[in-house]
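The sequence and structure come first.

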Amino acid sequence: MPDATTSFVHLLGQARVVLGADLQPFGVDQRYQLLAYLAWRGEWVERDFLSHLFWPESAPDTARGNLRHLLGRTRALGLAPGLEVERGRLRWAVPTDLADFTRAVEEERWEEALGRSREPLLEGLDTAGTGEFAAWLERERERLRGLWRTALLCRAAELGTAGAHLQAAELLGPLLEGDLDEEVLHAHVGALLRAGGRGRARRAYETFVARLRGEYGLEPTASLEGLGRTLRAPAGEPPTGSPPPGRPRGEPAPTPRPSLPTPTTSFVGRDLELAEVGRLLSGPDCRLLTLTGPGGIGKTRLALEAARALSPTFPAGVFFVSLDALTSAALIPTQIARVLGVQLPGQGDPLEGVVGAIGEGRMLVVLDNFEHLLEGAPGVQDLLGRCPGLRLIVTSRERLGVEAEWLLPVQGLAYPEGGSCGPVRAGQFDAVELFVERARRVHPDFTPTGESLPHLLRLCLLVEGAPLALELAAVWVRALSLEEIARELGENLDFLGPGERGRPERHRSLRAVFEHSWRRLSPAEQEVLAGLAVFRGGFRLEAARGVVGAPLPVLASLVDQSLLRTHPTGRYGRHALLVQYAREKLAGDPVREAELRARHGAYFLRFLQDLGGALRGPDQKAALAAVDADLENVRLAWGWAVEERRAGDLGRSAAPLADYCTARARYREGVEWLAGAEAALGDGEPAHRAALCQLWVAGAPLLHRLGRHAEAERWAERGLGAARELGQDEAALPALTLLGTLTWRRGDYRQARILLEEAVALARARGDAFHLADSLNLLGNVTLDGGDLPGAERHYAAALALHRTLGHQAEVVRLHNNLGCLAAYQGHLGESVDRLQEGLRLARDVGLPRLTAQLLSSLAETEHEQGDFACAAATAREALDLARQSGDRRLEGILLMDLGRTATAAGELERGERHLREGLHLLWSLGELPQVLRTLARWAEWHLAAAQPGRAAELLALVAAHPKTKGVDRGPARRLRAELDGEGAALADPDSALTLAVAELTRPPP
């Protein structure tokens, strides 16, 4: 299949793709299912999600491996040249007929929507459905059926408005041939009656009722009976205005009692919450349901909508009782009586009057804003006990704390928590929908653009979907851009206010919301809430106790009042804007703020130091997760220590910080932290010498990972010198191993061996098993490149045994990679794959992105050797994404070289040339001479594939003759040169020849 430009994908009916002038139908296997799903989404999709979609029963690492191979096979089809692959996610942003249909429905262009194909989505692609894919496809087909139904009903209404009643009826007729849809029947019959087709209308009705009885054994509903009476009435009577079923003709309708207030704005979202309220209150046990949450989160509006939806099931009525203006809990029964219309005697007990009015009737009452009247909660429970048919929905910032109470915490509206997604996907989030709807009240033409959408999503993230905050922010679109609104909101709490004059005073601004809650707190609660502002992000109970001295009962009370929230992991969190408010309160007491900041800094640096051993040992996964959870607090603590020049704390924390950054591939961030500390301490104070030694030794490997080799070597040498001066052998060991690594990668194998053997001897003398294993592993690398494969295997095996004994999972992963590569060099490709897959499983389980990238790189080489070029390319691209994400420039250069080799072998010479040029340029700039020579061997393969054997022979001769060429690369070079008839001429000056070759091969094509 030629690499043509994809212009369009048809998803309705049989899936097919337009490639240039060709129309290519999809097959039915998983490759086409993957493409179809990605085209349907049209935006980034996480790899883990896709793995679960196709292999939900498989272990996560197995599913990821399956996806990687599926991706390689899918790309080999050549149907999706625009398919994008990034770290952990995929995207095929291609136009589709389904997207056109959905857009037409969203924009209420009903006639255009109905002009699209009405065939099922991805017809035939469910026959090979596995895992969750088939279930997803059925759900999506059901959703599309609902959209078709909506479009048909709305288009029929348009036609009816235009007087085309018969055309409207014809449009709706086919809908009645499938499901028994009562709403469609009413619309169809009404259109026929208005078109003068009374007989057809009656037949349609009778057919519907006959199917209802015959297929489902059901009798017509009251609404259907009413429609039947209309159709049986004399032809002269109008079809509309008939009395509702159940009320004799001529009897006046009863005057309804006041119940629920009429909202002035639309209700957006909350489908899950509404369903949960209905489910709980329809059960026999839940009679008092309290909706809890902070101010402005939408409790009142949710309670109103839930009550309205439940009203048909409460024949005694549904009532809304506002408690906001009450100043005493004793007034609650009187307020309920007033809303129910109960006349109370002057001296009587109002509760008795309410009980008498309700009796045993099935009634629903909403008690709104209860939090300031909590002493009245026992009276509410008493009311429930005396009225068996009564159900209560209570809204409160704090739970009532009575036995009958059930709780439903209310959070913000749904928003893209990742902070990014496409416009179609964004429109599916309730927070976005609410903001846009409210913004159009002040700016009717408001529509987020591709450029402004990220700012809207950031705004939703800042307010965490809180409806009040979104509504207050939406008012500003009349004067500011979305970017300006988001910026102001992030900097100034008072920006969101004052709101519309019709709001309650406590909801006029976010500051008013927070002040309302603050005034209700006890002094101890105010002190703790303000003190907790010293934390960034969430925190654990022990941290709150250790830093702020927060008693558990006070924290529990703040949770009850919706000012803190708990997570199943045991962490506490807060709304981001509430943190901003609390920070202002803390800043009002500068002495306490400084004290808490110092306690916070000391606590989290000690937390980091205490994890030092675990960040390498058997508990590495849990230790990494612990730092992940408190990374913002660790960052703040480090900044405090730098600012205060806390040399001892910085020095003791340097190694665990570097271990964390290495494991999580956060090299740039780690270097910034350590370099900032080095600059703050300076080199002039003897008291700082030990801390600087620790900073240099810890930071040098991070600089090395970033390709900043000269700086890495300088830091390692300074660290080694300081360690020897101070007699700190523990610090000297990592400096020696890094210097050994740097000299090895420059191709100076002799000096590398000297340094690493010194490290081995020192580690053995100290009984330092970790650094002994680390040094043996690196010595194995040098031995391997020296061509001694058995010697390398001995070193690797000894290192692996030590690391397994110590439980150092990251190092075990690293050795799986090295032994997997060694097996491939020995021609044992199956063993190589097994080793590398085992390493990948462990790396992904622990969460080690840099080692994951390294293993994927090695696996791509083995797949290439197996001749599976499509899988090799897909694996290398995944690794390349990870390498670039982490900033590992050496690995990036190696992967570009490997991608060039694989593209060349697959016959894609132009792609191969581009990758080889980029890889060679990068590796040369890093001074990675052995890897540069490997790349020249790959260039020789390219020239041979391009029918240029002379140039290939010249490059191979250079590779063979250069003194830095060692070991396993000499074999492939010799094999290629044998094909080209000879070893080639000897080179008088290999270094000059190498420089000229690199200059030629990295020169951009004309």
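The model contains 46 salt bridges, a salt bridge being a side-chain nitrogen of Lys or Arg within 4 Å of a carboxyl oxygen of Asp or Glu. The model is predicted: local features need pLDDT of at least 70 and side-chain atom pairs pLDDT 80 or more, while totals for chains, interfaces and linings use all residues. Residues are numbered from 1 along each chain as its sequence is written, and side-chain values use heavy atoms, with hydrogens and water left out.

| Pair | N to O distance |
|---|---|
| R279 and E276 | 2.7 Å |
| D649 and R646 | 3.2 Å |
| E913 and R917 | 3.0 Å |

R279 and E276 are three residues apart in helix 11 (residues 271-282), about one helical turn. Helices are DSSP runs (H or I, at least four residues), numbered from the N terminus. R279 is partly exposed at 49% relative accessible area; the class lies between buried (under 20%) and exposed (over 50%), with a 1.4 Å probe and protein chains only. D649 is buried at 13%, whereas R646 is partly exposed at 38%. A network of salt bridges links R47, R68, R844, E863 and E878.

Helix 30 (residues 667-681) packs against helix 31 (residues 689-705) at about 150°, with axes 9 Å apart. Axes are lines fitted to C-alpha atoms over the stretch in contact, and angles run from 0 to 180 degrees between N-to-C directions. The two helices are therefore roughly antiparallel, a term for angles over 145 degrees.

How values were computed: Parallel < 35°, antiparallel > 145°, perpendicular 65-115°, else oblique.
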